[in-house]
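Q: Could we go through this structure together? I would like to begin with charged side chains and then turn to the aromatic rings.

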Amino acid sequence: MRRVSGSLVEVDGLASVAISELLALGCQQLPGEVVAIRGDSVTAQAYETTAGLAVGDPAVALGRPLSARLGPDLLGGVFDGLLRPLSDAPVWLTPRSDHPGVDTLWAWQPSVAPGAEVHEGSVLGIVPEVSGIEYRILVPPGVHGVVEGLAGPGRYRGDDVLATVSGTEVHLAESWPVRLPRPVGERLDTVEPLLTGQRVLDALFPVAQGGSASVPGGFGTGKTMLLQQVAKWCTADVIVYIGCGERGNEMADVLAEFAQLVDPRTQRALEERTVIIANTSNMPLMAREASIYTGVTVAEHFRDMGYHAVVIADSTSRWAEALREFGSRTGALPAEEGYPASLGSAISAFYERAARVRTLGGHEASVTILGAVSPPGGDVTEPVTTLTQRAVRGVWSLDRNLAYARHYPAVGWAGSFSRDAERLARWYAENGDLDWTRRRARLAGLLAEADRLGDLAELVGATSLPAPERMTLLAGRLLREGVLQQSALSANDAHYSPAKTAALIDAVLAVVDACNRLVAQDVPAVTLEEFDFGSLLRAAEETAPDDAAGVTQRGEAVLAALAALGRLT
C-alpha cells in the first residue's frame, strides 16, 4: 500500500486487476473494492475502518467482485452492509474480513430426478426447514441441459454440491455480484397494486408491485415509522429492510418490533420472511454505500424464486452522503452541494432494478423499492430529493405541519404523486371496484379545495365565507380526521382491508353530500359545523380491520341523524 486516507487506499504493484474487483487489505484482509486504475496504481475503497493500516502493508487481489452470499440463512437474519451475519458479531463491532459467518446444516429435498431436462430458473428442490416461504434451489442463470448428478435427501452446508447440470455444479448457497442485476425472462407491463395497509397511500398515491417510491421528509416527520408500517402490513412475500446510516436505537426498535409481530398470513413471526440489513451510522462509511446494492440483490434472489419482494431503504440520503465523502477523497468532480456528478446516474440505476418480471423459471414476480430521503432542514429542492423524484414512480412527501399537528401518517397530498394511479385504476375496475377512480378524484379534489379555502379563512375568518365553502372546509376536516389519519398503535387502525377503506371514504363523502344538500335548504352552516360526527370519525379505530359493514352502518346512522336535523330546522 502506498497511501491510506480514510476509506481511500492506494496500492502499487497489482497487475491485471479490474474495476470493481475485490481486494484483501493488510494483515487483517479487510475487504476493499477497486474504483480507479491509473497505470500500475490502483485506488480502492475499503469497507471497514482503515485504522491500523499502514504504508507498505500487503494488498491481494481476490479475482472477483463484491458479491452477496445468497442462501437459506437469509430469512430471519440480521446482516451488515456486506451481508455478513451479525448474529456472531461482538457487542462492539471490530474490522472483519470478508467471511460468510457460521455455515449451518440445512435439510434438502430434491424435486427432480437424475437425467431430467431442465433450463435456467427451473426448481431443482427445496429447503423445507426455511419458515415463512418455500425456499427453492434453482438452476443458475445461463445453465440448461440434463441433470447429471443429484444429491439425495439429507442435510448439507452452503458450499455443498446439490446437483450437477451440464457440467455446472449447483450449490446450496450461491454468490452474486451486488452491482450486477440478476437476469430475468422479460419485464412485464401488467400492474397490480402493492397494498400497504395505509389508507392515504392506497387511496391517493398507490404504488404498483414492481414499482418504486420515495419518502422525502425532514427530521421528525415520521419517515421511519411509516416505512416500518409498510414493512409490517404490505402484500409482499419477502421484506428486505435496509437501515442505511440510520441511528442504532431506531434499528433496535425495528428488530424488537419485527420479533414480536405476528404475520397475519402465516400466523408466525413476521421476521421469518424478513431480511434486515443493519448498517447504522457508526458502522463503516463505505459499507453504507454497498448496503443498498446488497439489499436489492437479496430481493432479486427471492424474486427469481417467484416471490414478490419489497426493498425498504432508510435512508438513501445517507448513502448519497457516503458517495459525496468518498468522491471528495478521490478528487472526483463535485456538482451541486458537493455531491459527485454521477449521483443522478447512481440513483436512477438503483431504482431501475425495481420491476415486475417474468422470471427465468416462468413465474410472475416483482421487486418494489421504497426509499426514504432525509433532506437537510426539510429542503426538498436539494439534489438527492430532486434527482430521486425523477427516477421513481411515486413520491410520498411528508408534511412538517401535519406531523407537528400529530396527523400521522404525515403524507402531504399537495407534494405527493403517483405515476401508477391511472394504470392501477384499470386493475381496480377489472377486479370489481368500478368506483375507485371516482373516489380517488373526489377525495383529492376536496382536499385541495379545503387547503385553498383554509388559507383564505385564516385571513378573513371561516364565518365570513359562504355556506358552501364552509361545507368544503368541513369536508376537508372529516376526510383528514376520519380517513387519512391512522394510528399505528391501534390494533384496528394500524392496517385495514381495501373494502373497509372504500366503505370509509364512501361514508364520509355521503355525509359531505348530505351537508351540502342541507345548506342548500337554508340550514345554517354553523349548525352543521357543530354537529357531532364523532361516531363516523371513530369508525376506523373502533371497527375491525376488515369490517366494512360496520363502517357503512355508522355512516348510515350519521346520515339519518342529519336528515332528522334537516326536518327540525
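A: Let us begin with Arg69 and Asp159, whose side chains meet in a salt bridge at 3.3 Å, N to O. A salt bridge is a side-chain nitrogen of Lys or Arg within 4 Å of a carboxyl oxygen of Asp or Glu. Please note that this is a predicted model, in which local features need pLDDT of at least 70 and side-chain atom pairs count only at pLDDT 80 or more, while totals for chains, interfaces and linings use all residues. Residues are numbered from 1 along each chain as its sequence is written, and side-chain values use heavy atoms, with hydrogens and water left out.

Q: Where do Arg69 and Asp159 lie?
A: Arg69 is in strand S7 (residues 67-70), and Asp159 is in the loop between strand S14 (154-156) and strand S15 (161-165), so the pair ties together parts that are 90 residues apart in sequence. Helices (H or I, at least four residues) and strands (E, at least two) are DSSP runs, numbered from the N terminus.

Q: Is Asp159 buried or exposed?
A: Asp159 counts as exposed because its relative accessibility is 52%. Arg69 counts as partly exposed, at 21%. Buried means under 20% relative accessible area, exposed over 50%, and partly exposed in between (1.4 Å probe, protein chains only).

Q: How many salt bridges does the structure hold?
A: The structure holds 35 salt bridges. One of them joins the side chains of Glu10 and Arg3, at 3.1 Å, N to O. Glu10 is buried at 11% relative accessibility, whereas Arg3 is partly exposed, with a relative accessible area of 34%.

Q: Which residue forms a salt bridge with Arg477?
A: Arg477 pairs with Glu481, and their closest N and O atoms are 3.7 Å apart. Both residues lie in helix H11 (residues 467-484); they are four residues apart, which means that about one helical turn separates them. Arg477 is partly exposed, at 25% relative accessibility, and Glu481 is partly exposed, at 37%. Elsewhere, salt bridges that share partners join Glu186, Glu192, Arg356, Arg358 and Glu364 into one network.

Q: Now the rings. How many aromatic pairs are there?
A: The structure holds seven aromatic pairs. One of them is Trp319 with Phe350, a tilted pair with 6.2 Å centre to centre and 45° between the planes. Rings of Phe, Tyr and Trp (its six-membered ring) pair if their centres lie within 6.5 Å; planes under 30 degrees apart count as stacked, over 60 as edge-to-face and the rest as tilted.

Q: What does the pair of Trp319 and Phe350 link?
A: The pair links distant parts of the chain, 31 residues apart: Trp319 is in helix H5 (residues 316-330) and Phe350 in helix H6 (residues 343-351). Trp319 is buried, at 1% relative accessibility, and Phe350 is buried as well, at 0%. Together with Tyr293 and Tyr351, these two residues form one aromatic cluster.

Q: Which residues of H5 are buried?
A: The buried residues of H5 are Thr316, Ser317, Trp319, Ala320, Ala322, Leu323, Phe326 and Gly327. After H5 comes Gly331, whose phi is positive, near 80°.

Q: One last topic: which ring does Arg324 lie over?
A: Arg324 lies over the face of Tyr339, at 4.3 Å from the ring centre. A charge sits over a ring if NZ of Lys or CZ of Arg is within 6 Å of the ring centre and within 35 degrees of the ring normal. The charged end of Arg182 likewise sits over the ring of Trp176, 4.7 Å from its centre.
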